[in-house]
Amino acid sequence: MIAFGHNPRVEIRREPGLYIFLDYAAMGKSYLARMIGLACEGGMPYVPYTYLDYVRGLDLTSACERCRAELVMVDQYDLYWEDAALRRQIEEIAKRAVVLVDLKDSDVPLEPDDYVGIERTENLLEVS
Amino acid sequence: MRCCVYFEDPHTIPVIQNVEATFALNRFSLDGTDRKIVQTVEKGELVDGKVFLDRFGYHLPLSELSTGSKAGIVTHHQTDCLVDLRGCGINAKSAILAFCQRGNILMKYPSCGVIDYADGTKIDVFLEDRHFVRMGDLMYYLSDGRILEHCH
């Protein structure tokens, strides 16, 4: 399990692998991505990856290697899933880190280890 | 005015692919439709044109709305564009179908169906040369009706 933050505390109750969020808006995915980004800025081995990062050409593998990422969140993947090279990177990174992917289109050729949801209370954001 | 639904880009009007960017770059005059979208998708409330109340009672800037709510608001106001709902969950798509009575949306055929948020109120959806005013009719068409028609 990966846990960080206080109020809300974030708990990712998964082992390394590839996980896709269930198809539902307003779960708190983008909020989680921002929390992961803040933790990353604070020196934690976490990498948030957004559509903006993709447009800017940020190399996901390099970003993960730089901090030996334990947790990666790929946000709004529906907008750039067609990039086969990036897809291979995500699958490779998922062998050693928890990779959470925001993907709504079930026809995209990305095989998850499991699907996950977010449970939110006032003080806790739990991915399980 | 009606909400026109496309399963493929008709290439007749500009497409908004990133609703986050469009939402951030525009200030919309929010109304009752936007309020219903936010109530349904966020389980929250619009406070004014800058702030909303989330499901936990926190006042947050509109930039913190989910992508799905932003897509609904953009659809309702950018009626000269086609809004690509690729990044939206099924609840957001369903809310847009239930409440947006104008605008244009591009979405994949929802093979798992949609959720009925209309609660008996009239919808105004135009899809594949058909005009739907009842959510039940649209849901039937999206599940069995369309497939049966395409078989004949």
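**Notes on the predicted two-chain model**

1. Let's start where the chains meet. Twelve residues of chain A are in contact with 17 residues of chain B. On the chain A side, that contact surface is made up of five nonpolar, five charged and two polar residues. Keep in mind while reading that this is a predicted model.

2. Chain B as a whole. Its secondary structure comes to five helices and nine strands, and along the sequence they follow the pattern β-β-α-α-β-β-β-α-β-α-β-β-β-α. The radius of gyration of chain B is 15 Å, close to the 15 Å from the globule rule for 152 residues, so chain B is as compact as a globular protein of that length. Along the principal axes, the C-alpha atoms of chain B fill a box of roughly 55 × 30 × 25 Å.

3. Burial and contacts in chain B. Of its 152 residues, 43% count as buried. If you take the contacts in chain B with a separation of 6 or more, 55% of them are between residues 24 or more positions apart.

4. Strand 5 (residues 71-74) and strand 6 (residues 98-101) of chain A are parallel and share four bridges; here A:Leu71 stands opposite A:Val98. Strand 6 of chain A is also joined to strand 3 of chain A by four bridges, again running parallel, with A:Ile20 opposite A:Val101.

5. How enclosed is strand 3 of chain A? Four of its five residues are buried, so strand 3 of chain A is largely enclosed by the rest of the structure.

6. What packs on the sheet?

7. A helix pair in chain A. Helix 3 (residues 60-67) and helix 4 (residues 84-93) of chain A pack with their axes 9 Å apart, at an angle of about 25 degrees. These two helices of chain A are therefore roughly parallel to each other. From helix 3, A:Leu60, A:Thr61 and A:Cys64 meet A:Leu86, A:Gln89 and A:Ile93 of helix 4. By class, the residues of this contact are four nonpolar and two polar, with no charged ones.

8. Strands 2, 8 and 9 of chain A. Strand 2 (residues 9-12) and strand 9 (residues 124-127) of chain A run parallel and are joined by four bridges, with A:Arg9 opposite A:Leu124. Strand 8 (residues 118-120) of chain A runs antiparallel to strand 9 of chain A, with three bridges between them. Strand 8 and strand 9 of chain A form a hairpin with three residues between the strands. One pair worth a look is A:Glu119 and its bridge partner in strand 9 of chain A, A:Glu126.

9. Backbone points to check by eye. Most residues other than glycine have a negative phi, and most peptide bonds are trans. A cis peptide bond joins A:Asn7 and A:Pro8, with omega at about 5 degrees; A:Pro8 is in the loop between strand 1 (2-4) and strand 2 of chain A.

10. Two aspartates in chain B. B:Asp119 has a positive phi, near 55 degrees, and lies in the loop between strand 7 (103-106) and strand 8 (125-127) of chain B. Is B:Asp119 buried or exposed? With 8 C-beta neighbours inside 10 Å, B:Asp119 counts as exposed. B:Asp129 also has a positive phi, near 65 degrees, in the loop between strand 8 and strand 9 (130-132) of chain B. B:Asp129 has 5 C-beta neighbours inside 10 Å, so B:Asp129 counts as exposed.

Notes
Residues are numbered from 1 along each chain as its sequence is written. Chains are lettered from A and ligands numbered from 1 in the order in which they are written. This is a predicted model: local features need pLDDT of at least 70, side-chain atom pairs count only at pLDDT 80 or more; totals for chains, interfaces and linings use all residues. Two residues are in contact if their C-beta atoms, placed from the backbone, lie within 7 Å. Ala, Val, Leu, Ile, Met, Phe, Trp, Tyr, Cys and Pro count as nonpolar, Asp, Glu, Lys and Arg as charged, and the others, Gly among them, as polar. The radius of gyration is taken over C-alpha atoms; the globule rule is 2.2 Å times the number of residues to the power 0.38. A residue is buried if 20 or more other C-beta atoms lie within 10 Å of its own, exposed if 12 or fewer, and partly exposed in between; C-beta atoms are placed from the backbone. Axes are lines fitted to C-alpha atoms, for helices over the stretch in contact, and angles run from 0 to 180 degrees between N-to-C directions. Angles under 35 degrees count as roughly parallel, over 145 as roughly antiparallel, 65 to 115 as roughly perpendicular and the rest as oblique. Two strands pair if DSSP finds at least two bridges between them.
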